[in-house]
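Please look over the protein shown here.

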Amino acid sequence: MKRLAIYPGTFDPFTNGHLDVLERALTIFERVVVVLAENGKKRTLFSVNERRDMIETITASVSGANVEVLHGGLLAEYARSAGAAAIVRGVRQVKDFEYEFQMSLLNRHLNPDVTTVFLMPNVKYTYVASSIIREVALLGGDVSKFVHPYVLGMLKQKFEEQREQ
Ligand code: PNS
């Protein structure tokens with residue numbers, strides 16, 4: 001039976017690699033909720049509303065995908081209240097695995113009913129990370145192959161605003 005999965009992250013910004021993982025997850029699960037963590041430990045470039053807006057816009061035509069914001073609190077608890085069978089995480093390289101392994105086992109400790117599923121994006125996105133996209137875009141580099149045109153526009157606008165300040 002196909003079931004509900006949640007796909008959590010900071011998504012600052014949402015990249016084509018994230019979209020690839022979401023679409024792969026939807027080949028396994030009936031519904032996938034992108035869970036946008038509002039209060040991560042990271043300081044973000046985009047506000048939670050901006051990130052929500054970009055994910056909603058990009059996934060508007062992706063059947064079975066929804067977006068929700070995690071306003072603090074534990075992901076494992078969110079998974080429980082949503083009735084999620086799985087947490088989806090994308091892994092690009094071996095170095096991602098240590099942190100992902102730790103999180104998945106902690107989440108299992110907190111909620112034994114949820115299983116973390118790791119998916120690999122298309123190989124062309126294995127070196128794409130939101131942090132590097134932000135840095136390259138800030139320095140005027142071309143990131144158009146790695147983000148949706150809507151996100152590209154938001155990045156340009158954000159850095160123009162910052163330059164004017
Ligand atoms: O995209 P990121 O920054 O790697 O995502 C990390 C995220 C948001 C999945 C993680 O920090 C998280 O789950 N935060 C919610 C709070 C929580 O449950 N923390 C304990 C995780 S074991």
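The report below goes from the overall fold to single residues.

This is a predicted model, in which local features need pLDDT of at least 70, side-chain atom pairs count only at pLDDT 80 or more, and totals for chains, interfaces and linings use all residues. Residues are numbered from 1 along each chain as its sequence is written, and side-chain values use heavy atoms, with hydrogens and water left out.

## Overall fold

The protein has six helices and five strands. Both kinds of element are DSSP runs numbered from the N terminus: helices are H or I with at least four residues, strands are E with at least two. From the N terminus on, the order is β-α-β-α-β-α-β-α-β-α-α.

The C-alpha atoms fill a box of roughly 50 × 30 × 30 Å along the principal axes.

Contact means heavy atoms within 4.5 Å. Among contacts with a separation of 6 or more, 77% join residues 24 or more positions apart.

The accessible surface comes to about 9500 Å², and carbon and sulfur atoms hold 52% of it. Areas come from the Shrake-Rupley method with a 1.4 Å probe; for residues, only the protein chains shown count as cover. Of the 165 residues, 45% count as buried. Buried means under 20% relative accessible area, exposed means over 50%, and partly exposed lies in between (1.4 Å probe, protein chains only).

## Nonpolar cores

In soluble globular proteins, nonpolar side chains tend to be buried together. A nonpolar core here is a set of buried Ala, Val, Leu, Ile, Met, Phe, Trp, Tyr and Cys residues joined through side-chain atoms within 4.5 Å. Which members of the largest core touch the most other members? They are Phe14, Leu22 and Leu155, out of 38 residues. Several elements each supply at least two residues of this core, including strand E1 (4-9), helix H1 (16-25), strand E2 (31-37) and helix H6 (149-164). H6 gives the most, with five residues. A second, separate core has 11 residues, among them Leu70, Leu75, Tyr78 and Val114.

Not counting residues up to four places away in sequence, Leu155 touches Leu45, Phe46, Ile133, Ala137, Val143 and Val147. Val143 sits in the loop between H5 and H6. Val143 counts as buried, at 3% relative accessibility. With neighbours within four places left aside, Val143 is in contact with Ile133, Val136, Ala137, Leu152 and Leu155.

## Salt bridges

Side chains of opposite charge can pair when their charged atoms come close. A salt bridge is a side-chain nitrogen of Lys or Arg within 4 Å of a carboxyl oxygen of Asp or Glu. The structure holds seven salt bridges. The table gives some of them.

| Pair | N to O distance |
|---|---|
| Arginine 24 and aspartate 20 | 2.6 Å |
| Glutamate 50 and lysine 158 | 2.9 Å |
| Aspartate 96 and arginine 92 | 3.2 Å |

Glutamate 50 lies in helix H2 and lysine 158 in helix H6, so the pair ties together parts that are 108 residues apart in sequence. Glutamate 50 is partly exposed at 26%, while lysine 158 is buried at 11%.

Arginine 24 and aspartate 20 both lie in helix H1, four residues apart, about one turn of the helix. Arginine 24 is partly exposed at 33%. Aspartate 20 is buried at 12%.

Aspartate 96 is buried, at 9% relative accessible area.

Where does proline 13 lie? It is in the loop between E1 and H1. A cis peptide bond joins aspartate 12 and proline 13, with omega of about 5 degrees. Phenylalanine 11 is found in the loop between E1 and H1. Phenylalanine 11 has a positive phi of about 50 degrees although it is not a glycine. Phenylalanine 11 counts as buried, at 4% relative accessibility.
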